[in-house]
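Please open the model in your viewer and keep the selection tool at hand, as this tour goes from one place to the next and says what to look for at each stop.

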Amino acid sequence: MTQKTHHEWSKEALFAKAQLYSESMAENADTEWKFGLWSAFTLEMLVRGSVAANSPALVGDTQDWSNILYGLGIQPKKAKFVPKSASISDLVSRAEELVPDFSREHANFCVSHFARRNSEVHSGSLPFENVGSATWLPMFYAVCEVLLANIGESLETLLGRETAAMAREDIGALRDETAKSVKGTISAHKIIWEQKTDEERAAAVTQAEAAALRQYGHRVVCPACGSRALVQGKAAGDAKRTVDEDGIYERQVMKPEAFYCLACGLKITGYSKLLAAGLGNTYISTSRYDAVEFFNIDIAEHYRNMMEDDNNEY
Amino acid sequence: MKYELLCEGVIHTTLGEAGDTTELAAQRVGSVASILGVSTVQSLVPRSKQQSSPSYSGMYGLGHFPLHTDMAHWCIPPRYLMLRCIQPDIRVKTTILPSKVVLEDEDEIDVKRSLFRPRRRLEERLTVMRLYEDGKFRWDPVFIEPLNALARELSERVRTRIQKTRPIEISLDHRGECLIIDNWAVLHGRTSVEDESSPRRIDRIYLTEIML
């Protein structure tokens, strides 16, 4: 098989562009606005590339299905067709679905980084100038690492060996920092919890026990007050379904995304923080459906089909 | 079929009965590639320089053709090419150099970060490419250009290595004599043609796979 050019929405083309942009990023000091701006351009190409790793068609703007055709390599017949890719905020949502380790925390970082980029190119303010890189660079590298893995690339192929080694140090430090901050939040809640009266604590525990129902999330023990609390997560991988005489039984592995304890009010959002708090274990969400519900069967129509054919002749 | 392995990626053999077409001969050893806009069999004869022609004959005329891989400016170039002698001229030789020599001691990550592009747009766009990726090597001193600083440095080192290394030279002396070249692993070129009236005629055909 020969091919003259890559599809402009292919992961190969988008990753190459990310490489070029990251070089421009590296030409500037990390306190300069250009460093931040090029980092946002690099990140955008990686988000697009990681979505395209499944199919370039997923990069297309769904407002016009001709874009899906174009993404599949089929030239649409529509006159004066100009291919349009989805907005970056849509693509971040798509990455959340498609990239296994791309968490809500990563998505939130991308959204805020792209907001700075928009402010940089659409307004007179300088959102990247003189902003300490420590506030965003470790997370930037962490997100890049996750997206690159989905494209089949690495921090080394994006940034070179030397910068990649520094980036990995930053990612390690970010994890330590996250762990420290979560542990601080947990101990603060623990202190407040211990200052409550026995009656207040008992009432809160009862209330939390009643609210922590399985249908709302995964039941865990709160690391601050020891009450029943809930973890909510997102699906990781495909659901496993089994069929028995009672219907369809679905088991889905879930990756934790958020924790909330009604008793002491402790809230933890983001997988890395949950991991640091000891709440990072995946769990199984089980659902049972009857066949009618699962296959969306219209019983009335089913009965109608069992009767003789309609006949208005006599 | 008798054949000689000239180096890794190059087979020297004789193919076809008298009167066999090159396409029929090629079908005996592999699958013939069908490439949109490219004739299945291309007849290569020495031609004088024509400034306007964007081909090696147009640019180098009867001079030597530099070592290159065919269609290096495409994102996926043809896998194999077969050169089959139709009319020999023992004074003109095909030059061959394995790509291993060209990328010797290069850092794999640096090669991956060295970005090139075709010198002109293809299908109205420019695709970024690397000298080695996914098992495919490419090189062309004219049709691809470095896009970043790493590529400019790599390009210089490649040129120096090619200049310093003596390629294998082989002339196809008999009708039907063939070279089958792995275009993703081996560079090829041509020595100069001394006489404009050289009878040399070689057929070229691209193959997607080889079955020996």
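Begin by selecting B:Met71, which in this predicted model sits in the loop of chain B between strand S5 (65-68) and strand S6 (80-87). If you display its backbone torsions, you will find that B:Met71 has a positive phi of about 55°, although the residue is not a glycine. Most residues other than glycine have a negative phi.

Is B:Asp105 buried or exposed? B:Asp105 is exposed, since it has 6 other C-beta atoms within 10 Å, and a residue with 12 or fewer is counted as exposed.

Next, move to chain A and select helix H6 (residues 137-151) together with helix H8 (residues 161-195), which pack with their axes 8 Å apart and at an angle of about 105°. H6(A) and H8(A) are therefore roughly perpendicular to each other, as angles of 65 to 115 degrees are classed in this way. To see where they touch, colour A:Leu137, A:Pro138, A:Met139, A:Tyr141, A:Ala142 and A:Glu145 on H6(A), and then A:Ala167, A:Asp170, A:Ile171, A:Ala173 and A:Leu174 on H8(A). Of the residues in this contact between H6(A) and H8(A), 9 are nonpolar and 2 are charged, while none is polar.

Notes. Residues are numbered from 1 along each chain as its sequence is written. Chains are lettered from A and ligands numbered from 1 in the order in which they are written. This is a predicted model: local features need pLDDT of at least 70, side-chain atom pairs count only at pLDDT 80 or more; totals for chains, interfaces and linings use all residues. Axes are lines fitted to C-alpha atoms, for helices over the stretch in contact, and angles run from 0 to 180 degrees between N-to-C directions. Helices (H or I, at least four residues) and strands (E, at least two) are DSSP runs, numbered from the N terminus. Angles under 35 degrees count as roughly parallel, over 145 as roughly antiparallel, 65 to 115 as roughly perpendicular and the rest as oblique. Two residues are in contact if their C-beta atoms, placed from the backbone, lie within 7 Å. Ala, Val, Leu, Ile, Met, Phe, Trp, Tyr, Cys and Pro count as nonpolar, Asp, Glu, Lys and Arg as charged, and the others, Gly among them, as polar. A residue is buried if 20 or more other C-beta atoms lie within 10 Å of its own, exposed if 12 or fewer, and partly exposed in between; C-beta atoms are placed from the backbone.
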